[in-house]
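Have a look at the model, and try each task before you read its solution.

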Amino acid sequence: MKIKFYKYQGSGNDFIIIDNREKAGDKLTTKQINKMCDRHFGIGADGLMLLNEKEGFDFEMVYFNADGNLGSMCGNGGRCIVQFASNMGIKKNEYIFSASDGTHKAKVDLDKQVSLEMKDVPGVEFSLDHYVLNTGSPHYVKFVTGLEDLDVVSEGRKIRNNKAFVTEGINVNFVETIDDDHIFVRTYERGVEDETLSCGTGVTASALIAAHNENGFNRVEVKSKGGNLSVEFDKISDTKFTNIWLSGPATFVFSGEYEIKAY
C-alpha cells in the first residue's frame, strides 16, 4: 500500500505529515511509523503527524514520536501542521485545533511566521540546578555555560534515564543566556532519544524560566541549532505563566509517496 506524505520543518525540527481526512493513516502501526521516521531506511523525521477532521475544530493534530509511539504536544509540530492546513486549503485568519493536551489557537502571518498558543503553565518545580515544568510535554531545564561544546546527547540521556524520570521520560533542555531577553537552547528529546535541532515545547519552557523581567508581558528570543524562534507570554509569577505564544517559520520541504510494508 502506498501513502501520500508531506515533509515540513520548523527551525530544523522536521515532521512527516499525512492528510488523514480520508483515514489513509488510520491503520499505521508503531513499527511502520518508526520505519517512516528512520533517517537511513525511511523518509526521515523527528516525528509523524496526522491531520484529522474533528467536529467543532478546524482539524485535529495527532502526533507520534519517531519511535512510533503516540507523543505528547509538539510545539514545532503544531506550527508545521497549521502551515500544512493552510497549504491544503484550510484558510483561516485564526485556527482552532485539537491536540493531545487540549485546544490550541494559531495564526499564519504574511511573512509565513506561524504563531501557536501554548497551554498555560500553572506551576514550576525548582531544584538546586534545574527546573521541571510542563508546556504540553514535560521538560527539564538547566542553565549552563559553553553550550556550543556540550555533549548534549550524553548528558541529556543520563538525565532522561535517571530513576526520577525514566518511566515517563522527560525532555532535557540545556540553556545558555546570551542577554536578558535572548537565550540559546539545545534539547535532548524523549521518543527521538537524541538531540533535535529544535524543540518547540522545550524552547517555550526554557524561555519561561529565563524571563528576568518583572511580572507582566515578556518576549524572549531563542536561538536553536536549527534556527530562531520567539516566545511571548504573560508572567503572573515565577511559577505561573499564561497567554503563551511560540512563533517562527514553518516550511514545506517535499512530498511524495511511501510504500507501507507489513512488519
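Two exercises with worked solutions follow.

The model is predicted, so local features need pLDDT of at least 70 and side-chain atom pairs pLDDT 80 or more, while totals for chains, interfaces and linings use all residues. Numbering runs from 1 along each chain as its sequence is written, and side-chain values use heavy atoms, without hydrogens and water.

**Exercise 1.** Find where the largest pocket lies relative to domain 1 and domain 2.

*Solution.* Step two: domain 1 (2–117 + 251–259) and domain 2 (124–238), bounds taken from an automatic or database assignment, both contribute lining residues, so the pocket lies between them. Step three: the lining divides into five nonpolar, four polar and six charged residues.

**Exercise 2.** Decide whether Gly75 is buried or exposed, and list its contacts.

*Solution.* Step one: buried means under 20% relative accessible area and exposed over 50%, using a 1.4 Å probe and protein chains only. Step two: Gly75 has 0% relative accessibility, so Gly75 counts as buried. Step three: with contact meaning heavy atoms within 4.5 Å, and neighbours within four places in sequence left aside, Gly75 is in contact with Leu116, Met118, Gly200, Thr201 and Leu246.

Key. Ala, Val, Leu, Ile, Met, Phe, Trp, Tyr, Cys and Pro count as nonpolar, Asp, Glu, Lys and Arg as charged, and the others, Gly among them, as polar.
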